[in-house]
Structure formats: C-alpha cells, structure tokens
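Subject: Structure handover

Hello,

Here is the structure we talked about. Please open it alongside this note, which goes through what was found.

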Amino acid sequence: MTQDLSFWTLQTLNALQLSMLLFLLSIGLTVIFGLMHFVNLAHGALYALGAYIAASIAGTAGFWVAILAAPIGVALVGVVLYGGLIQRMRKSGPMAQVLVTFGLIFALLDLTRILWGDLALAIATPAALSGQVELLGVSYPAYRLFIILLGAAIFGALALVLARTQIGAMIRAGVDNDAMAACLGINVERLFFVVFCVGCALAGLAGAVAAPLLSVTPGMGLQILIPTLIVIVIGGLGSLKGAIAGSLIYGFVQTFGAVLAPQLASVLIYALLAAVLVIKPVGLFPAKG
Amino acid sequence: MLETRSLTKSFGAVHVTRSVSLKLERGERRVILGPNGAGKTTLFNLLVGELTPDGGSVHLAGEDVTALSVPRRARRGLSRSYQKNTLFDGLTVEENLALAAAVPTGHATRLWSDSLRQPEIRDTVAEVAEQVNLMPHLHAKVSEISYGVRRQLEVGVALATRPLVLLMDEPTSGVGPEMSKGFHDLLNNLPRDLTLLIIEHDMDLAFAVADTITVLNYGEVVFDGLPEEARGSKLLKDIYLGSWEDA
Amino acid sequence: MKRANLATLAAATTLALPAAALADEVDIGVLLPFSGVYAALGNEIEAGFALGLETYGNDLDVEIILHREDTEVTPATGLARTRKLILQDDVDAIVGVVSSGVLGAVRDMVDGAGVPLIVANAGNDAATGAECSPWITRVSFSNSQVNRPMGRWMAEQGIETVYTLAPDYAAGRQMIEGFTGAFTEAGGTIIGSDYTPFQQTQDFGPYIAQAQASGADALFVFYAGGEAISFVNQYASFGAAEDLPLYGSGFLTSQLYVDAQGASAEGVVTALHYVPTIDNPENASFVAAFREAMGRVPSEYAVQGYDAARALVEALETGARDRETLGAALRQVSFDGPRGALSIDPATNNVVQPIYVYETVQGANGMTQTVLAQLPAEADPVNGCVMPSLPTN
Amino acid sequence: MFRHTPLRYAVLAILAIAALMQAFTAGYFGLEILIEILILCLLVLALDLVAGFGGMVSLCHGALMGVGAYAFVALNVLADLDPWLAALGAVAITAAAAWIIGAICARSHGIYFIMATLAFGQMAYSYVFESPLFGGDDGMGGIDRFDLSAIGLDLNDSRSFALFCLAVLAAAYLFATAILRSGLGRSLAGVMHNEKRMKALGLNTWRIKADVFGLSGIIAGVAGVLAAQHIMFISPGLMNWTVSGEALVVVILGGLGTLVGPLVGAAAFVVMKHELGEVTTYWHLVVGVILIAVVMSRANGIFGWVEARWGDRIERRLTDATRSPAQKEVSTDA
C-alpha cells in the first residue's frame with residue numbers, strides 16, 4: 001500500500017476535521033459544567049435538534065440561512081429549557097441534574113421522531129464548498145476544510161473572549177470560585193443564562209455543520225453524546241484548553257486508530273479514556289485543581 | 001513518638017512549610033501557635049499524609065512513615081481531627097464513633113459480621129463518648145446536634161481509633177468561651193500516655209494544657225520550648241499583633 | 001397516513017380477538033421494529049404489507065387478524081414478542097423480522113413451536129443455510145444472494161482490483177464475503193478491506209483515504225440506513241469518483257435514502273433485488289398504488305412487505321388455515337411480482353429472484369435509477385441446510 | 001445507615017404478595033412481564049448497592065449483567081459445562097470483573113466515575129459486538145435453563161421459572177441487606193458520607209469500594225445468568241450503555257439508597273413500558289416526561305416520596321402501639 005506523505009497529510013486533516021466537530025459540541029458542554037456544575041446530557045439532543053432545524057430550512061432557504069438559523073433556533077430552545085428546567089435544578093445535586101437531562105434525551109428523541117419522522121434526512125453540501133481544495137499536496141474536500149477553519153475560528157474567538165473581555169473575566173472568575181464571583185458583584189444568574197444559551201447555540205451550530213457530512217437521524221444525538229463526554233472527561237471539565245485537547249486527542253486517536261489498528265478501532269478510545277482516568281482521575285486539564 | 005526532620009512544602013512560589021523539625025515524646029502534649037496562614041494546618045496535612053512534602057521526613061514511633069499513605073499512617077496510630085468538621089453527616093453520633101472504632105479492630109472490612117454489634121466496638125464507643133461528653137447525644141444525628149457538640153464529636157471520632165498520637169486542629173474553633181472551658185476538662189480526661197499535638201488559638205487553653213509550645217510563622221518554627229518561656233515572650237506578642245515582619 | 005390506517009386496522013382486529021379461533025379466521029403476527037434505529041424500515045415494510053393485503057387479499061373467504069408487535073432493535077425483545085405471539089395470541093403465522101439478530105433469536109422458537117415465519121427482510125445467510133427450518137420461508141433476500149452476482153458482473157466489466165468497506169457486524173461481513181467469493185472466483189483481486197465500527201463511525205474519511213491510497217480500480221461497499229447516507233455524502237466530497245468509482249450492495253443507494261443523498265449518489269452503481277424503475281406491469285401497478293397510498297416511491301423494503309402479503313394470500317388461497325398447512329403452502333408459492341419471477345427454493349426455503357444492477361441518476365423529480373443489467377435468478381448454495389420435510393399429510 | 005423501617009417491611013410484603021399472586025394467576029404474557037421485572041429487580045438491586053449506598057453511580061452495570069450472561073453461555077454452550085457449574089463460574093467472573101472495575105475507578109468521583117465505568121462497559125460491549133466467538137451482533141442461542149426436575153420443577157414452564165426468579169431475587173435481597181449490615185457495609189456508608197475522614201481513620205477506602213463493587217457484581221452476574229436463561233438467547237444489546245442508563249433511571253424513579261424503592265421502580269417501569277408500548281411507539285417521550293417530573297419534584301423517587309410523607313408517621317404509630325424497640329439496630333441499647 002502506498003502510504004506516502006500525502007496520505008498522512010490527508011489523514012491528519014481528517015483527524016482535525018473530526019476534532020473540530022467535536023470541539024464545537026464539547027466546548028459548550030464543558031463551560032456550562034465548569035461554571036454551573038451542571039452536566040447537561042441533553043447536549044447531544046440539542047445537536048440533533050440543530051441538524052433537524054437546518055435540514056428543514058436548507059431545502060427552501062439554502063445552506064447559509066440554515067447554518068445561521070439552527071444555532072438561533074437551538075438557543076431559543078435553550079432559553080425555554082433554562083427557564084423551565086435548568087434554573088430550578090441548579091441547586092439540586094448532580095444526580096438529579098443528570099437524570100433530568102436524561103429524561104430530556106428521551107423526550108427530545110421522540111419529539112424529533114414525531115415532528116420529522118423516522119426517515120433519515122440530509123442537507124446537500126453548499127455549492128461553494130462542494131469541490132476539493134489543493135492543500136499541502138493533497139486534494140481535500142472544501143467542506144471539511146470549512147469545518148476545520150470554523151472550529152479553529154470559534155476556538156480563537158472563545159479564547160479571545162475569555163482572555164480579553166469583561167464577560168470572559170467574569171466566566172473565568174465564576175469557574176474558579178462562584179461564591180467569590182458573586183461577591184465581586186457579578187450577576188451570576190445572568191452570566192449562567194448567557195453561557196448556557198451560547199453553549200446551546202454552539203451545539204446547534206455543530207448539528208447544522210455536521211448535517212451535510214453525516215445524515216440527520218433521530219438517533220444522532222445519542223450517538224454523538226458518548227464521544228462528546230469522552231472528549232470533555234479526557235480533557236478535564238470546565239476548561240477551554242481541556243475541550244480542545246480532548247477533541248484533538250479523540251480525533252487523532254479515532255482517525256489513526258482506524259488506519260493503523262482497524263481491529264481495535266472501537267475499543268481504543270475507551271481504553272484511552274480508562275487509562276487517562278486511572279492516571280489523572282480528573283482529566284488532563286481540569287479548570288480546578 | 002512523633003518526629004519531623006526538615007519538613008518542607010511549597011505551593012508554587014509560596015513556601016508554606018520551611019524545614020520544620022519537631023520531636024514529641026510519648027505522652028507529651030504540645031500546642032502549636034501561630035497566626036493565620038502560618039502553615040499549621042499544612043503541617044498537619046503533611047504529618048498525616050494528606051499532602052506529600054517536597055523534602056524532609058516524618059517518623060512515627062521510630063519508623064519513617066513519609067512514604068506511607070494516609071490510611072497506613074492512621075493504622076500505625078496517627079489520628080487527627082479537623083478544623084472544619086469532617087463528620088459523617090447523615091449518621092448518628094454513635095454510628096460516627098463506631099465507624100472509627102471498627103477500623104483498627106478489622107471489623108470495618110468484614111463481610112460476615114456487623115461492626116456496630118461487636119461488643120468490643122460498643123465498649124470503645126461508650127468509653128470515648130464518656131471521654132468527650134457525648135453520652136446524652138449518642139442517638140442523635142449529626143444534623144440534629146449543636147455546633148459545639150459536633151466539635152466534641154470531631155475529636156471523639158479521632159479518638160475512637162485508639163491512636164498513639166492525636167493531632168487536633170483547633171478543637172475550640174468557633175465555639176464560645178463556655179465550651180472552650182469544657183474542652184479543657186475534656187483534654188484532662190484523656191489518658192496521659194496519649195501523645196497530643198494541638199493547634200490552638202485560645203491562649204488560655206493553650207497554656208493550660210500544653211507541656212510544650214511550638215510557634216510557627218511563615219511556615220517556620222520560630223519558638224520551641226516550655227509554656228513559661230513562651231508566656232512572656234515578646235516574640236509571641238509581636239506575631240499575634242502582626243508586627244513580625246522578618247523571615 | 002399509512003400508520004393511521006394500518007393501526008386502526010390492527011386495533012380493530014385485535015380487539016375482536018375471539019376466545020376460540022374460528023375456521024374462517026387466521027391470526028397473523030406482524031413482527032417489526034417500530035422504534036429504534038430500524039423504525040423507518042419497519043414502517044416501510046408494514047406499509048408494503050398493508051398494500052399487499054389490500055391488493056390481493058380482498059377476495060379471500062377468510063378474515064386475517066393482525067397482531068402487531070414492536071421488536072425494537074434487540075433480539076431479546078424480538079424473541080419475547082415472538083413468544084407472546086405464539087403462546088398467548090396463538091397466531092397461525094408470523095410475518096416480518098428486520099434484523100438478522102432478531103431472526104437468529106426467534107429461529108429456534110418458531111422452529112420448535114412449528115409456526116410458519118415469512119421473513120420480510122433479515123438476510124442472514126445461515127437462516128436459509130446451516131440453520132434453515134421448514135417453518136422459515138424468506139421472501140426478501142439473503143446477504144450473499146444480493147452480492148454474489150455483482151462480484152461476477154464487476155469482473156466481467158473489466159474491473160481487476162477492488163477495495164471493500166462495510167460496517168463491522170454480521171450482515172456487513174456476509175455481504176462482503178458474498179461479493180468477495182464471486183469476484184475472486186471470476187478472476188478479480190481484493191487488495192484491501194476494512195470493517196468500520198458499526199454505528200459508531202462518524203467519519204469515513206480515514207477509510208476512504210485508505211482505499212484511495214490502495215490504488216484499487218473500484219470501491220465496493222455495503223452500508224445501510226443513516227450510515228449509507230453519511231458514507232455516500234462523504235465519498236462524494238472527496239471527489240474520488242474518477243479514480244475510485246463506487247460500487248456496492250444496493251442498500252447503499254436504496255430508494256428510501258437516495259433523496260437524502262441527493263447528487264452525491266449520482267453515478268454510484270449497485271446491485272439489489274429490487275429498484276422502483278424495474279420495467280414490468282406488476283411493478284408499474286405496485287409503484288402507482290404505493291405512491292397513491294404513501295405519496296412517495298416504494299423501496300425494496302416496501303416490496304418485501306408487499307410480496308410477503310402476497311405469499312401469505314397465495315398460501316391461504318390453497319385452503320391452508322392452520323400452522324401446518326400454511327407452512328407447507330408457503331414453501332410452494334411462486335408468482336410474478338414487481339421484482340420479476342419469484343419462487344421459493346425447496347432446498348433452503350430462500351427466495352429465488354433476479355438481481356438488478358442499477359446506476360443512480362438524476363431524474364426529473366430527484367434521484368432515480370437506471371437498470372444496467374438484470375442478472376438471472378439463481379438459488380443460493382445449500383450451505384449445509386438439511387431440510388426436514390414438514391409433518392404434513 | 002441502612003435499616004428496615006416498618007414501611008419498608010410493609011412495601012416488601014406487598015411486593016412479594018403481588019409477585020406471588022401474579023405468578024399463580026397470570027397468563028403467559030403476564031408471566032413474561034413478571035420475569036422481566038424480577039430480573040430488572042436484580043440488576044437495580046446491584047446498582048442501588050453501589051450507587052445508593054456507596055455513592056458510586058455506575059454506568060456499567062448493564063454491561064456487568066451482560067458479562068454474566070455471556071460468561072454463562074461461554075461456559076455452558078461453548079465449554080459444555082453443567083448449567084449450575086457454568087452459572088457459578090459466570091457469577092465468579094462477573095464479580096471479578098466488577099471488582100477490577102471498582103478498584104480502578106475508585107479514585108474517580110462524580111461525573112468522572114460515571115464516565116470511567118461507562119468506558120469499561122462500552123469496551124465490553126464493543127468486544128462482544130465484534131467477536132465472532134460470541135456470534136457478534138447476531139448473538140447466540142441454544143441456552144438451557146437449570147434442570148430442577150429433581151425437586152419436581154420444570155423451569156421451561158414460565159410459571160416455574162417466574163417462581164424460581166422470585167426465590168433468587170429474595171435471596172439476592174437478603175444478600176444485599178447482609179452486605180449493608182456488615183462491617184464492610186457500614187464502612188461503605190462512612191465512605192459515601194465522608195471518604196476523606198474514612199481515610200484519615202485508617203481505612204483503605206478504595207478497597208471498600210472495590211469489594212462492594214465486586215459483591216454488587218455477584219448480583220449483577222446472577223441477573224445476567226437469569227436473563228440469558230429467560231430469553232434463552234443473548235446479544236450485545238444486553239451490554240449497551242442504555243441498559244445501564246435505564247437501570248439508573250429505575251433506581252432513581254424508585255428511590256436511590258432505599259433498596260426497596262428500586263424494586264418498586266422496576267415494577268413500575270416495566271409495566272409502564274409495556275402498557276405504553278401497546279398504545280404508542282413513542283413511549284420514551286412519556287417516560288422522559290415522567291422522569292423529569294419525578295426529579296423536579298425533589299422527592300427521592302416514588303418510594304422516597306412515600307417514605308418522606310408517611311414513613312415517620314407509620315413508624316411512630318407502630319412503635320407506640322407495640323412498645324417494641326423496633327428494628328433499630330444501632331440505637332437499641334449501648
């Protein structure tokens with residue numbers, strides 16, 4: 001088999017692409033956890049919802065409208081969820097939160113089935129991104145490159161917001177010590193609300209972006225949930241650094257595992273997760289020591 | 001009985017314990033004084049193994065225990081109470097004591113017998129409850145007893161393992177003067193062969209119970225001697241008035 | 001609504017469940033997944049089955065009482081529901097079964113209890129091979145049956161080397177093995193093969209890149225359902241069609257999913273026992289009737305349900321009314337249906353049917369299929385099946 | 001710390017009577033549902049032991065049950081061992097697997113513990129899914145039930161099998177209470193309430209956790225053996241994390257850390273699933289909404305709610321009436 005340099009370049013890009021898709025999903029989940037100590041298992045269901053919203057809109061209004069509408073739509077659902085459930089569950093223990101969001105998974109799964117049916121949907125790749133791009137000596141799908149760039153851009157933007165802006169400073173303070181943040185006069189409730197909605201919007205965006213690449217099925221939220229959780233647990237909860245590190249580790253292990261050890265492909269990532277937790281029981285880069 | 005040699009610990013650039021060397025004889029009662037942030041609790045954490053030192057060693061009954069885990073040191077006779085109550089909140093006072101008493105006897109890990117029903121454990125529980133004045137509260141849950149009683153239980157739980165050395169982290173922290181006096185009696189009730197290391201803020205209590213006094217400041221031993229010597233010491237006053245700037 | 005009319009039918013009939021079965025009634029179990037990942041297939045088969053009963057069953061002098069059971073996805077649930085059908089509802093025959101796992105699970109039960117089972121999808125080779133049963137009649141397909149002729153056909157087209165991909169589960173392996181056997185026998189070479197973790201693979205990119213790097217003449221894959229859509233879309237995005245044309249088992253570009261795949265599926269050549277564009281009068285009327293009822297073009301799953309209904313009706317028309325007589329009659333059905341001439345192989349109880357090689361192309365209303373070749377019907381090899389005769393008179 | 005209140009005894013008695021009545025009066029499908037409930041009861045009992053009494057929220061108990069089922073089939077069908085020996089071996093293998101998982105995960109807490117157990121469960125799932133030895137995703141059949149003809153029971157009869165499962169469940173319940181009332185169980189309560197203090201008292205807390213996890217694995221293994229014998233067929237679906245997730249839902253719905261509550265939850269869940277399944281294929285929606293409502297109500301599940309409302313009152317009335325020292329283990333004399 002001719003596995004020259006361009007082959008490995010191609011696989012590296014594939015790994016990056018998968019990493020960025022997971023990053024879009026995991027960053028919302030991990031920051032919500034870091035700030036609110038809230039494990040939102042329904043995050044995957046919100047991703048599926050984003051994909052369905054995008055698939056419904058893309059047919060008539062086109063991909064670019066869909067990719068804007070999906071995050072907004074999911075953020076609106078997030079507003080409803082926050083007001084109806086999350087806010088009331090904030091003081092409850094983690095078990096209760098896990099279960100409420102587990103119930104949400106069940107409910108949202110069947111709601112998507114009722115609204116959109118069991119048949120798989122999809123979105124066509126937008127014309128502008130349907131070809132391939134010559135890059136580093138390989139011909140790579142433009143849409144995949146778009147995902148990589150989008151993920152990197154969002155990572156950059158979030159890093160900037162966290163490091164340089166006032167709201168970023170508030171989030172950092174809140175993750176560090178929420179009691180102290182409240183003492184500093186930060187409106188914690190409003191901060192939580194904003195972060196939760198942004199997290200939901202990112203999940204919706206991830207769903208919309210994934211739709212042309214994958215297929216839109218009722219089970220997609222459940223399928224992506226476990227990889228997302230693995231990402232944030234390997235990376236360590238609550239930190240941007242953890243989310244990006246976990247995503248990259250997952251993407252590269254999955255991609256190169258598939259190429260180099262296909263028999264182990266499905267077990268490899270779980271073994272890695274177990275290994276990380278044995279060595280560092282709180283992940284690689286947790287927000288709090 | 002308990003000895004440290006050049007114990008050192010720092011968090012990043014902050015040196016919280018600087019080459020601390022202490023030596024406690026069997027039955028000695030030593031009080032550690034020092035302002036907030038002097039590294040007293042850190043010293044305790046190093047002694048019991050909840051923190052690993054950057055340098056130096058801890059010796060218990062002549063044996064180097066620096067490399068041993070928290071439970072192993074505890075099983076060799078080192079017990080501690082915490083400044084912040086660290087109790088089994090959902091359980092009763094009796095259960096709290098019994099859980100502790102069951103550890104050294106081996107009943108705590110046994111599947112074929114109930115530790116709570118063992119006569120020897122019940123005896124220990126009764127004895128300790130007597131020592132720390134918990135008899136009236138035995139069947140109350142931790143959530144049902146007052147803060148002061150919880151402080152007594154905090155010591156009682158540590159005592160119930162029948163330690164050789166007991167480390168008490170501010171046993172009177174947060175209790176009123178009345179309770180504080182009660183602790184004096186409590187300490188007097190303890191067997192004389194038990195080695196005690198006590199962190200204490202209440203000067204009167206400290207001088208009343210101490211055989212020896214150690215003063216820590218900025219993680220360093222600045223005084224080590226008899227209470228009489230410490231009492232008049234300008235050093236001690238300076239530290240507590242906060243004018244000690246050296247080091 | 002398809003579900004509505006069949007559900008009311010089912011509800012009305014099950015409510016009328018008699019204490020003792022009368023001679024002019026037969027109880028038929030419908031054993032399909034209505035929830036879980038295969039729900040779409042279950043619904044499609046049920047729609048075809050309902051249409052088949054409507055089309056062929058009106059003149060019967062016997063009332064068909066349906067007992068609808070959801071197998072979900074798990075063999076355990078499937079078996080539990082089958083037991084219920086047999087032991088409590090006392091059905092005379094069962095129709096359905098989508099996943100091979102469920103078929104494997106219920107096999108001993110229906111065989112032991114002597115209840116005829118018309119398999120309307122599950123393609124596990126062993127079910128009509130080493131584990132065959134006189135009580136199990138398959139009107140759908142077997143995994144190797146669909147792919148074997150394709151192996152030969154591709155070799156005939158001058159394709160010398162092939163790379164294969166399929167999900168890592170039993171059906172995936174059988175599909176690929178069926179193809180590989182015939183292709184290598186005809187002189188072709190498999191130069192690489194990967195099995196991707198089933199339903200856990202988000203990104204097929206690494207595998208596609210691997211196949212591209214192998215330098216094979218063609219890529220042969222089996223994927224179904226959501227994975228088929230993902231795979232075809234991702235394959236198209238790599239623009240590999242020129243160097244590495246995509247062939248596959250026809251489920252890859254099933255009518256059920258081809259609209260979701262859209263232009264990505266264009267030019268993909270696959271083989272299957274049914275495509276909606278087969279040119280014969282039975283198919284024309286079937287497609288028209290299905291369109292009328294459902295508002296869309298039927299898939300192979302629908303035709304499997306449709307033909308299962310027809311096989312049942314034909315067996316009932318012989319006068320068969322109970323488990324024994326139905327079981328015997330079902331093995332002898334043969335008819336010209338939308339798929340062409342269909343018969344049951346007495347050696348294995350598997351369907352014998354032609355296989356169609358087709359290319360997915362742009363049509364006036366979305367994607368459609370052009371049949372490139374009709375490969376002659378052939379019976380599966382016996383594969384260790386020892387068919388005992390039914391205890392009939 | 002675990003103890004039986006009069007309310008708990010009463011609910012246990014009601015459950016036992018209901019199960020016996022169902023076992024002797026139900027038709028075929030009623031018996032199937034009963035068996036399904038009894039096996040789920042075993043699983044949630046095992047889960048409540050670690051989650052409710054040790055704070056170890058496990059997402060691998062479904063997989064452990066699967067290990068029991070697969071090990072049983074491996075020993076019984078593949079190695080051709082006597083079913084009783086095979087069952088014994090399977091339970092031992094499950095317990096060992098559980099002990100190892102418990103020992104490895106003992107250092108993790110909260111969501112990390114959940115994820116670590118999930119990882120082990122999914123590893124097992126992926127392995128059997130792709131393993132040709134166990135039939136891959138198609139699963140395996142040809143499993144025999146125990147031969148109890150010596151005492152005049154034919155377990156192939158659903159009624160006998162249901163009664164057998166009920167007897168096993170009763171034994172498992174006694175086993176679980178014995179664990180909780182042992183020194184080990186008491187220490188587990190200590191670990192759950194304050195692990196740091198237990199360590200400071202000289203206890204190897206990871207050992208306590210691992211031991212209890214392993215003991216819980218025994219019950220999960222028994223559940224697996226019975227599940228394999230009930231369906232007489234096994235498939236990887238048994239090991240999927242959603243099985244563990246559902247078991248967790250049942251434990252919470254019933255009442256975490258009450259031992260009795262999860263049994264109530266199991267019965268409610270299975271009956272609800274079947275009743276709803278008759279009406280709609282969207283039964284997940286209804287279950288989801290009920291789950292949200294129960295958790296939002298802030299009660300500790302169905303049983304926890306009953307207990308909080310009436311538990312004390314009933315107990316007081318009973319103790320007043322009888323003047324007996326009741327069933328307080330700790331607080332009798334001393």
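Predicted model: local features only at pLDDT ≥ 70, side-chain atom pairs only at ≥ 80, totals over all residues.

Two strands count as paired if DSSP finds at least two bridges between them.

Chain B has an open sheet of 4 strands. The order is E2-E1-E4-E5, and the pairing is antiparallel.

Take the pairs one by one. E1(B) covers residues 2-11, and strand E4 of chain B covers residues 55-60. These two run antiparallel and are joined by 5 bridges. Within that pairing, Thr8(B) has Gly55(B) in E4(B) as its bridge partner.

On its other pairing, E1(B) meets strand E2 of chain B, residues 14-24. This pair is antiparallel too, with 7 bridges. Here Thr4(B) is opposite Leu22(B) of E2(B). E1(B) and E2(B) form a hairpin with 2 residues between the strands. In that hairpin, Gly12(B) has a positive phi near 60°.

E4(B) and E5(B) are joined by 2 bridges and run antiparallel. His59(B) faces Asp64(B) of E5(B).

**How the chains meet**

There are 4 pairs of chains in contact, and chains B and D share the most contacts among them. In that pair, 36 residues of chain B contact 26 residues of chain D. Three helices of chain B each supply at least two residues to its side: H2 (70-75), H3 (93-105) and H4 (119-131). H3(B) gives the most, with 7 residues. By class, the chain B side has 19 nonpolar, 9 polar and 8 charged residues.

Chains C and A also meet. There, 35 residues of chain C are in contact with 35 residues of chain A. On the chain C side, the elements giving two or more residues are H2, strand E7 (189-196), helix H7 (205-214), helix H8 (225-237) and helix H9 (255-261). That side of chain C divides into 15 nonpolar, 18 polar and 2 charged residues.

Two other pairs do not touch. The nearest C-alpha atoms of chain A and chain B are 12 Å apart, and these chains make no contact. Chain B and chain C have no contact either, with their closest C-alpha atoms 36 Å apart.

One residue to look at is Met296(D), in helix H12 (residues 283-296) of chain D. Leaving aside residues up to four places away in sequence, Met296(D) touches Arg88(A) and Val100(A). Is Met296(D) buried or partly exposed? Being buried takes 20 or more other C-beta atoms within 10 Å. Met296(D) has 17, so this residue is partly exposed.

**The nonpolar core**

In soluble globular proteins, nonpolar side chains tend to be buried together. In this model, the largest nonpolar core has 457 residues. Ala54(A) and Leu42(D) have the most contacts inside that core. Helix H2 (residues 28-54) of chain D gives the most to the core, with 19 residues.

Ala54(A) has several neighbours, not counting residues up to four places away in sequence. They are Ala66(A), Ile67(A), Ala70(A), Ile123(A), Gly207(A), Ala208(A) and Ala211(A).

**Chain C**

Chain C has 12 helices and 15 strands. Its C-alpha trace spans about 65 × 45 × 40 Å along the principal axes. For 393 residues, a compact globule would have a radius of gyration near 21 Å; chain C has 20 Å, so the two agree. Of the 393 residues in chain C, 62% are buried. Counting contacts in chain C between residues at least 6 apart in sequence, 72% join residues at least 24 apart.

Chain C is divided into two parts: domain 1 (2-141 + 279-352) and domain 2 (144-272 + 354-375). The centres of these domains of chain C are 29 Å apart, taken over C-alpha atoms. Where they meet, 14 residues of domain 1 contact 12 residues of domain 2. On the domain 1 side, helix H2 (39-56) and helix H11 (300-317) of chain C each supply at least two residues. That side has 6 nonpolar, 5 polar and 3 charged residues.

Best wishes

Terms used: Residues numbered from 1 in each chain as written. Chains lettered and ligands numbered in written order. Contact = placed C-beta atoms within 7 Å. Core = buried A, V, L, I, M, F, W, Y, C linked by C-beta atoms within 7 Å. Buried ≥ 20, exposed ≤ 12 C-beta atoms within 10 Å, placed from the backbone. Domains from an automatic or database assignment. Nonpolar A, V, L, I, M, F, W, Y, C, P; charged D, E, K, R; others polar. Rg over C-alpha atoms; globule rule 2.2 N^0.38 Å.
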